[in-house]
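Hi everyone, thanks for coming. Let me put a structure on the screen and walk you through a few of its features.

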Amino acid sequence: MHTRNKKTADEAVGLIESGDHVYIQGSTSIPEVLVEALAKRGDELRDVTIYSGFAVGKKEAPFCKPEFKDSFLVDSFFVNNSVRRWIAEGYGSTTPCFLGEVPGLMRDGTWRVDVALINCSLPDKDGYVSFGVSADVATAAVECADIVIAQINPHIPFSYGDSVIHMSQLAAWVEVDDPLVEVPTPVPNDQEIKIGGYIASEIPDGATLQIGVGGIPNAVLSALKDHKNLGLHTEAMTDGVLPLIENGVIDNTQKKVMPGKSVASLALGSRKLYDLMNYNPDMIFKDVAWTNNPYVIAQNPSVMAINSCLEIDLTGQICADSIGTRIYSGIGGQHDFVYGASLSEGGKSFLAMLSTTSKGESKIKPVLTSGAGVVTTRFQANYIVTEHGIVNLRGRNLAERAKLMISLAAPQFREELEKAACERFGYSFMRLRGK
């Protein structure tokens with residue numbers, strides 16, 4: 001390995017100055033060694049803006065400390081576990097935006113990027129390294145940054161697509177041995193298995209899948225084992241797709257966009273997934289501005305967009321990013337794929353959730369909780385799914401929607417939801433009650 005610009009972590013982050021805007025790579029590859037070194041400079045730096053996105057950290061970010069509140073200004077475009085408490089306490093903030101729009105905000109100068117901190121594979125024979133599991137926003141950040149600092153890490157897979165940079169373009173690099181975060185596949189419970197079955201029954205052979213993250217999306221994937229000729233064009237690739245790829249269920253033969261290739265912008269899974277990605281020409285990782293472009297998505301046939309949410313009101317307004325006023329995550333690509341699926345010939349979108357919270361409260365509400373954000377509007381709502389069934393809101397009026405949504409609620413909440421619907425929608429709802 002060429003030693004030009006090789007530095008210690010402390011030397012590398014010494015290139016960062018007060019007032020800089022710093023992007024930290026996400027997914028499961030936060031460059032933790034560089035981040036720790038950056039946090040050690042908290043006493044000397046001021047007004048360093050930190051761009052933080054969709055990621056799974058090993059722990060809370062080390063710069064999220066009260067004594068650093070004027071040193072590091074966290075601006076997250078997707079609230080992840082490493083900064084969630086910090087933002088909830090009001091020290092950091094979040095910028096609402098579609099994940100697919102973030103690269104454009106960097107490229108048009110709306111967001112300045114002075115430094116990008118990334119986590120890269122070992123170089124190939126030509127001196128190129130890959131930022132592996134996270135092409136998503138990292139592609140634009142690397143392109144726009146004046147200074148790119150990398151961890152060269154044997155645990156990062158070399159993935160093909162947009163996530164490649166030559167060693168000569170690195171202002172500094174640090175040799176590390178830092179395993180990636182592994183996100184185990186959630187084992188679906190009986191209720192999630194029901195939801196998976198409802199959704200799988202609506203998915204035709206030859207469809208192109210976008211799958212979100214979590215127990216419900218994995219339950220859907222488990223229920224697709226007998227399907228044929230499925231394609232994958234998604235934001236996040238997870239372990240749930242591995243059996244379908246290994247058994248030839250996902251073969252990408254019917255796709256119009258990059259046929260024969262499984263396409264994603266990031267990966268979020270186990271070592272098995274990362275190993276499968278390594279130098280695999282059948283898996284392509286692209287800039288999230290491209291993967292999440294609804295007009296690119298729509299070129300594929302029968303796009304099936306499958307995502308989770310936190311609560312839904314009787315009209316089909318869908319909250320997926322906040323618990324009341326508290327921002328819990330972000331918009332991500334949900335809207336992009338819901339819209340892309342609506343434009344795709346034969347496309348469908350599914351928003352799924354368990355009908356109650358862990359505290360036994362209904363997630364189907366007369367109106368959304370005060371402060372809750374609408375990620376998918378009622379104008380875009382298509383299939384809604386809980387363990388109690390599946391309904392299609394497309395083309396339904398408000399009274400019809402209310403009746404359908406109530407059918408998805410836990411039985412103990414249906415009477416009060418019907419009362420709320422009667423008060424809100426009047427006779428147009430009451431006349432449907434006996435039908």
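Predicted model: local features only at pLDDT ≥ 70, side-chain atom pairs only at ≥ 80, totals over all residues.

Residues are numbered from 1 along each chain as its sequence is written, and side-chain values use heavy atoms, leaving out hydrogens and water.

Let's start with the sheet. Strands here are DSSP runs of E, at least two residues, numbered from the N terminus, and two of them pair if DSSP finds at least two bridges between them. In the order β8-β16-β14, 3 strands make an open, parallel sheet. At the edges sit β8 (160-161) and β14 (262-264), each pairing on one side only. Between β8 and β16 (residues 283-285) there are 2 bridges, and tyrosine 160 has isoleucine 284 as its bridge partner in β16.

Rings of Phe, Tyr and Trp (its six-membered ring) pair if their centres lie within 6.5 Å; planes under 30 degrees apart are stacked, over 60 edge-to-face, and the rest tilted. The whole structure has 11 such pairs. One of them is phenylalanine 68 with phenylalanine 72, edge-to-face at 5.8 Å and 90 degrees. Phenylalanine 158 and tyrosine 160 are also edge-to-face, at 5.9 Å and 65 degrees.

Finally, a charge counts as over a ring if NZ of Lys or CZ of Arg is within 6 Å of the ring centre and within 35 degrees of the ring normal. Arginine 84 lies over tyrosine 328, at 4.1 Å, and lysine 286 over tryptophan 290, at 5.1 Å.

Conventions
Helix = DSSP H or I, 4+ residues; strand = E, 2+ residues; numbered from the N terminus.
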